[in-house]
Amino acid sequence: MGAMSPWHWMLVCAAFAVMLAIIIGVIVLIVRVVKSRNTAATAHPMPPGWYPDTTDARLIRWHDGHRWTDHVQNR
């Protein structure tokens, strides 16, 4: 086999550049999706209060503004 011509090297470099651009694009997209989810979660936090329990329709469960608690009571 002979040495690769300059055209072959340009083609290899172009293919590498395209693959690199795709990888960078995917990483940027993932970062944007993660940031938008974090922003949405912190932008509108659930206020503390009693809410219908998702596991038992007969109960309401206390949400402390950050997480669900073990405190439940009848509706």
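Helix α1 spans residues 6-43, and Phe-16 lies within this helix. The model is a predicted one. With a relative accessible area of 52%, Phe-16 is exposed, because the label applies to values over 50%.

The next topic is charged side chains. Side chains of opposite charge can pair when their charged atoms come close. In the whole structure, a search finds three salt bridges.

One of them joins Asp-53 to Arg-61, with 2.5 Å from N to O. Both of these residues, Asp-53 and Arg-61, are buried.

A second pairing links Asp-56 with Arg-58, and here the closest N and O atoms are 2.8 Å apart. Arg-58, at 62% relative accessibility, counts as exposed.

The remaining pairing brings together the side chains of Asp-64 and Arg-67, at 3.4 Å from N to O. Arg-67 is exposed, with a relative accessible area of 52%. Asp-64 stands at 28% relative accessibility, so it is called partly exposed, the label for values between the 20% and 50% limits.

How values were computed
Residues numbered from 1 in each chain as written. Predicted model: local features only at pLDDT ≥ 70, side-chain atom pairs only at ≥ 80, totals over all residues. Heavy atoms only, no water. Salt bridge = Lys/Arg side-chain N within 4 Å of Asp/Glu carboxyl O. Buried < 20%, exposed > 50% of the residue type's maximum accessible area, 1.4 Å probe, protein only. Helix = DSSP H or I, 4+ residues; strand = E, 2+ residues; numbered from the N terminus.
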